[in-house]
Amino acid sequence: MGALVALLKGTPANIRRNLLIAGACAGAGLLMKLPFVANLAALALVAKFVSDRAAGDESTRGFWRIGPQTLRDAVLFAAPVAVALGMDRAYHFYRFGELASTYMKQCAAAFASLGGYPERYPFGYPLLKGALGPLIDSRRAVFLFDPFLLVGLGFIGAAWRGLSVERRLVIGGAGLTFALLLLIFGGSWYWNGGIGSWGARHHL
């Protein structure tokens, strides 16, 4: 949230500072929870828009055009994120001696040693079933735990044409992040957040 606010508040006078702040907030999120990497795609799209806006281009016709300012601003946003990822990987290497894995590898090995669990547990859950669970499961669907989402979706659909580009981008980014989280957790037996959790907590 901090990263998004910093980006949307970007102006020609503060765009560089705000891109650094947004990158730092995004990086802090990664240090708290690595699956927050799903946020980066949406934040990158918003960062590109505010970079163009700060340069005087508020249209979306040249959105995918990459110029010198785009590259400079991308570096400003990505640098704090890269530092955070480096810190995360350095700590993981210090603790587990590996750079490209997560602590869940050790969890899977522990479950395998105990026996009585499916192969590769807590991974190996059917991806499609796990990805659709937070949408349609009769006990864990996010709409059961936050029914106002249905009202919000209806309102967005009715008002879409009148929404500003910024609002459309934020809504689209939220949808993109949600879809990526569905894929990230879909192949895990914990797609539902765990037996004792309140709803599908990873997605709520």
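Pro122 lies in the loop between α5 and α6 (127-136) of this predicted model, where helices (H or I, at least four residues) and strands (E, at least two) are DSSP runs numbered from the N terminus. The peptide bond from Tyr121 to Pro122 is cis, with omega near 10 degrees. Arg120 is found in the loop between α5 and α6 as well, and its phi is near 70 degrees, a positive value in a residue other than glycine. Most residues other than glycine have a negative phi, and most peptide bonds are trans. Arg120 is exposed, with a relative accessible area of 56%; buried means under 20% relative accessible area, exposed over 50%, and partly exposed in between (1.4 Å probe, protein chains only).

Because the model is predicted, local features need pLDDT of at least 70 and side-chain atom pairs count only at pLDDT 80 or more, while totals for chains, interfaces and linings use all residues. Residues are numbered from 1 along each chain as its sequence is written, and side-chain values use heavy atoms, with hydrogens and water left out.

The protein chain has 9 helices and 0 strands. Its C-alpha trace spans about 60 × 45 × 25 Å along the principal axes. Of its 204 residues, 35% count as buried.

The structure holds 6 salt bridges, each being a side-chain nitrogen of Lys or Arg within 4 Å of a carboxyl oxygen of Asp or Glu. Among them are the following.

| Pair | Closest N to O distance |
|---|---|
| Arg53 and Glu166 | 3.0 Å |
| Arg139 and Asp137 | 4.0 Å |

Lys48 and Asp52 are 4 residues apart in helix α3, and are therefore separated by about one helical turn. Both Lys48 and Asp52 are buried. The bridge between Glu166 and Arg53 joins helix α9 to helix α3, so the pair ties together parts that are 113 residues apart in sequence. Glu166 is partly exposed, at 23% relative accessible area, whereas Arg53 is buried, at 16%.

The largest pocket has a volume of about 1,100 Å³, a volume being the space filled by probe spheres set on the points. Of the 35 residues that line the largest pocket, Val170, Gly173, Ala174, Gly175 and Thr177 are the closest to its centre. Helix α9 gives the most to this lining, with 9 residues. By class, the lining has 25 nonpolar, 9 polar and 1 charged residues; Ala, Val, Leu, Ile, Met, Phe, Trp, Tyr, Cys and Pro count as nonpolar, Asp, Glu, Lys and Arg as charged, and the others, Gly among them, as polar.

The second largest pocket has a volume of about 710 Å³. Of its 26 lining residues, Leu34, Pro35, Thr102, Tyr103 and Met104 are the closest to the centre. Helix α4 gives the most to the lining of the second largest pocket, with 6 residues. That lining divides into 16 nonpolar, 5 polar and 5 charged residues.

Note on methods:
1 Å grid on protein atoms, 1.4 Å probe; cavity = no way out; pocket = protein on both sides within 12 Å on 5 of 7 lines; lining within 4 Å.
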